[in-house]
Amino acid sequence: MNMHTTADHAGANHMQPPLLDVRDLTVEFATRRGTVRAVEKVDLTLAKGETLGIVGESGSGKSVTSYAVMRILDRAGRIAEGSIGFAGIDIGKASESDVRALRGREMSMIFQNPRAALNPIRKVGKQIEDVLIEHVQAQPSDAKEKAIEVLKAVRIARPEERYHAYPFELSGGMCQRIVIALALACRPQLLIADEPTTGLDVTTQKAVMDLVVELTRERNMSTILITHDLGLAAAYCDRVMVMEKGKVVETANAEAIFRAPQHPYTRKLMRATPRKGVSLRDLLPEDAAPAAAAPTAPVKGAGEPLLVVENLVKEYPRQAPTGGLAGLFGIKGAVADPFRAVDGISFSVARGESLGLVGESGCGKSTTSMMLMRLLDPTSGRIEFKGEELSAIPAKRFAGSPWRSRIQLVFQDPTDSLNPRYTAARAIADPLLRMGSGLAGAALRAKVEDLARLVGLPVNLLDRFPHQLSGGQKARVGIARAIAPDPELVILDEPTAALDVSVQAVVLNLLQELKQRLGMSYIFVSHDLEVVRMLCDRVIVMRSGRIVEEGATEAVMAAPKAEYTRELLSSIPHPPL
Amino acid sequence: MLKQIVRRLGTAIPSIIGVIIVTFLLTRVLPGDTAAYFAGPAATPQAIAEIKATLGLDQPLPVQFLAYVKDLATGNLGMSLTTGQPVFEDITARLPASAELTLLGLLISVLVSVPLGILAAVKQGSWIDHLCRIVATAGVSLPVFFTGLLLVYVFYYKLGWAPAPMGRLDFIYSAPDTVTGLYLIDSLLAGDIEVFRAAWSQIWLPAVTLAIFSLAPIARMTRASMLAVLASDFVRTARASGLKPSKVVMGYAFRNALLPVITTLGMVFSFLLGANVLVEKVFAWPGIGSYAIEALITSDYAPVQGFVLAMAILYVLLNLAIDILYGLVDPRVRLEA
Amino acid sequence: MSLAVTETAPKDSLFSHARHIVAENPVTGIAFGLFALFALAALIGPYVVPVDPLASDTAAALQPPSAAHWFGTDQLGRDIFSRVVVAARLDMIIAVASVALVFVAGGFAGIASGYFGGWTDRIVGRVSDTIMAFPLFVLAMGIVAALGNTVTNIVIATAIINFPLYVRVARAEANIRREAGFVQAARLSGNSEMRILLGHIAPNILPIMMVQVSLTMGYAILNAAGLSFIGLGVRPPTPEWGIMVAEGASFIISGEWWIAFFPGVTLMLAVFCFNLLGDGLRDLVDPQRRT
């Protein structure tokens, strides 16, 4: 098989056939509940050098489609119908050894969660060598040299050193570069990138995407980018294909799909994607009934400071390496400089205000919210709430304090934050029972039902257990539980990070509405500036435990002062409008 | 590398201290009064008190403990009333017999169970998978002394393929010169094939009994960890890179799947050393297990204590070996240390 | 509210899941049947056996299985079938008592050490590490030899050697839940630490502990039988499976297989049954398999 010459030859010909030509692809999975069609009658073409985005929410079949193309479906899945033509070869009918020869050499794939995608106990250089040797791109004698070249190609600094590294010694972004190196080592014609940036920080995200684009352009490769993020797809792809429940609903040019989406689902998805210049309302589908102008509770003493934080510090001891006999007997080495997760931050939140707390992973925003929640004791500094110094009450005893009900939290992961053995009603009732509402029996039930209605959770779902609820429903239960004790300050810890964008849109609107109704203050912790802009009055940008910028959200977004904020803003993928 | 071994030796120290404390406590709560036991049934209270004083039993516990540790350090484990020999000598003389049996049992077991577990995971749902699951559940349910008896009935009484279950070597042969103490190896070193055959014919049945017993946990863990690793992201990457199935399964998946299997070996050794006692009784194997059982029957406690201590120290050392092996396979542990 | 959800969620109940597991794996059903049989033998065995299990009849010694003696007779002419049935009670009592003991002690120590960490964790960890430093059966031998050769001491020794297993499971489960979202949420709802431990964490750990109970029941029976096989604990002529196998052992080489065979097979079935039940229970509570 000599694909390169065939392709080059075709390249000279202007009437070249598409590199990838998928027709009527149907993929079925055998499950306990019978056969499930994950992908149904999908058509897809991809020209040489073209970049196609496949966009959809979880369960849309976007990943399954690409696995079918590579023929790496797991045991339960099979291609039921249709054909997959790749450079003139019918992938569906080719023998396993023929397809294997194509994988890695002519078509490659990069995955989300790069660290897990690498063999944890093999040197990364060796993993690249394995691929090179498998596809006869290198001999054992020159493999190392070539592997280092490949590392160089993905812009890895000090490649000779990195060759000997194990995945756990590298950062997430670095691991993703290795995965890209692995995929591109044999200079394939097709690259499939399956959510390549999910789980990476925004700045790393941009660097990784830019690298992929640069390398694939340079080599005139075809690329399929699979993502849930319409913005990302539109920013980096020539064409975008939208999938819903295993079917293609629309395929169009990236620009066209944003300017004039045809299919209702695309419109809904597009609307739900947070982007420049839109409000929370705009995220909801057009046909959603307009909110009956939620009765806005007049906030008592609006503008007065509710929470004042001064010089808050959280240090963690960094254990110095212990050696020799001291180590044997468990004697800890001399204490090195402690690690400062939060390094002296001060800010305040006014009544009725919502404050955004933005930063990348490891910037100290989660530690800060844990301290504000009084689940964690600060090393030093003050937390003052309504003039009372809360930091004086140790976290261990805070559960019994009357202040407990005043500050509540909505968790990032709605599944993890619900007790699997409590029904939704029991979960919502928990704070009412523990914090002396005095409610019981029918009165308690009535209150729980009121709360459920308030957060838009159908009352008939109240007796279900968490595993019987969808992600959005669980998020609502979590919100209802947080507002049950009638708190004055609610901390929202990335409350939509685990949700699909259309559900995110609904939940964000719900949160906004609740705030207006109940007159609460919010601290919204997020990595997503675009979402923060829509929900928050003011924003604080954190990095390495410090505040780098603070100000009114619109002002910060329009004219960032700090270099880091500018970097964050420029990393957000913008569709070509 | 040497540094790591030293470091791991260090982690074994607390275990050894714990073992010594527990065995000391066990000697102090022995049934009846040790002094009264030594003095004989007709002793006067005064005679007992005298013996107590000579044995140091009237001293406070910490002093007694120090004396105990001192004895241990000098290899003094007391005298066996049955053999009339120092316990330490008895145990060192009998240990190779137990070690040979246990190690051969483990070797057979690993040679069968690891491939079985891998095949079961790779061909999930096939007959070999079902076989593996039956072996895994049935294996742990078999009382090892019962399996031994069944095998003796079938292979000695019915088929005559094995000699009578009476020790390490038929009396017509003399034991090979001691080098390692393991007859199989020593006979080969001496170039005496006939003795090797005779030793093999005696050992294979008890070794298979032990192997059947320890097959189950290893096969089960191999299958489970192979399944988990085969479903992992990096195996998918390897497949998507077009690596050969053999390379994916053996080079990528197996080495990772080995880690939990190595950890399981610790538990398997615990079972094996216990099962060894029972198997030695069934096959009249002259190891330290049957030594302890004989002593138990005659209420001769010093050998029992010596046996418990020897087994525990042996087990701590085996765990140490497992830790070092683990560190060799897993770079993460290596660099953390 | 205008934002009503239209998402669907899976419906599932424990009961239908249990039915599914039995349907998928009929072996679990068989195990339940066997378990009922053993429980019945333990409860009413001594009242229904055909022959007095202790009555010897040297004239009828060493008879192979027949219509009169289903499992044959031993060297003293005692009816092996009756002895096997009656032994169920003693073996079950030893297993249940030792497992109950270790379930309470090990379970509580494990949950507390996993949840509170610190000194509690260090002490509990040190104790179970020390136990684990011995080959377990050997330690049981040492304990019974030291404490005295009685059934109670067999129970205690069996509980002690199982202690680390319970601690490990309970500790790991409590530890992963210590910082789980729902535990944090319970703190925010004003629950005290003790209430979180008993009301939120313990109920979530209970199913996994029940699996452990079932699996260790089998191990406890094996361990007790092993001890009596080498002459510890139960003394003849009391009928007990391990000791009966030991009594039959010397007759194997002369071909009288039934004396050791029937008690041995019964013992094996009992252990097998508990192991299968444990596997079945694990499938039932393992969220991984609940799709």
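How much area do chain C and chain B bury between them, and what share of it lies on carbon and sulfur atoms? The points below take up this interface and then turn to the individual chains.

1. The structure under review is a predicted model. Between them, chain C and chain B bury about 3,600 Å². Of this area, 80% is on carbon and sulfur atoms. On the side of chain C, the residues that lose the most area to chain B are Phe134(C), Phe229(C) and Ile253(C), which together account for 16% of what that side buries.

2. Contacts across the interface. The contact count is 43 residues of chain C against 46 residues of chain B. Polar contacts between chain C and chain B amount to two residue pairs, both at pLDDT 80 or more.

3. Elements and composition of the chain C side. Two or more residues each are given to the side of chain C that touches chain B by helix H4 (118–132), helix H5 (136–147), helix H8 (193–229), helix H9 (241–252) and helix H10 (258–285) of chain C. Which of these elements gives the most? The answer is H10(C), with twelve residues. By residue class, this side of chain C comprises 32 nonpolar, eight polar and three charged residues.

4. In an unreviewed entry, UniProt lists residues 88–278 of chain C for "domain: ABC transmembrane type-1". In the model this span is 85% helix and 0% strand, and its end C-alpha atoms are 20 Å apart. The annotation "transmembrane region", also from an unreviewed UniProt entry, covers residues 27–49, 92–118, 130–148 and 257–277 of chain C. Among these, residues 130–148 are 79% helix and 0% strand, with end C-alpha atoms 22 Å apart. Residues 257–277 of chain C are 95% helix and 0% strand, and their end C-alpha atoms lie 30 Å apart.

5. A loop residue of chain C. Where is Arg235(C) found? Arg235(C) is placed in the loop between H8 and H9 of chain C. Leaving aside residues up to four places away in sequence, Arg235(C) touches Asn149(C) and Ile243(C). The C-alpha atoms of Arg235(C) and Arg171(C) are separated by 38 Å, the two residues being 64 residues apart along the chain.

6. Overall description of chain B. Chain B contains 14 helices and zero strands. Its C-alpha trace spans about 85 × 55 × 40 Å along its principal axes.

7. Domains and annotation of chain A. The domain assignment divides chain A into domain 1 (1–106 + 189–196 + 222–271), domain 2 (113–187) and domain 3 (353–377 + 398–570). Taken over C-alpha atoms, the centres of domain 2 and domain 3 of chain A are 41 Å apart. The UniProt annotation "domain: ABC transporter", from an unreviewed entry, covers residues 22–270 and 307–569 of chain A. Over residues 22–270, chain A is 37% helix and 27% strand, and the end C-alpha atoms are 26 Å apart.

8. A salt bridge in chain A. The side chains of Lys41(A) and Glu81(A) form a salt bridge, with an N to O distance of 3.0 Å. This pair links distant parts of the chain, with Lys41(A) in strand S2 (residues 34–46) and Glu81(A) in strand S4 (residues 77–86) of chain A, 40 residues apart.

Key:
Residues numbered from 1 in each chain as written. Chains lettered and ligands numbered in written order. Predicted model: local features only at pLDDT ≥ 70, side-chain atom pairs only at ≥ 80, totals over all residues. Heavy atoms only, no water. UniProt positions renumbered as here; feature names shortened; annotations may be inferred. Helix = DSSP H or I, 4+ residues; strand = E, 2+ residues; numbered from the N terminus. Contact = heavy atoms within 4.5 Å. Buried area = accessible area lost by both parts, 1.4 Å probe. Polar contact = N/O pair within 3.5 Å; in protein donor to acceptor, adjacent residues only side chain to side chain. Nonpolar A, V, L, I, M, F, W, Y, C, P; charged D, E, K, R; others polar. Domains from an automatic or database assignment. Salt bridge = Lys/Arg side-chain N within 4 Å of Asp/Glu carboxyl O.
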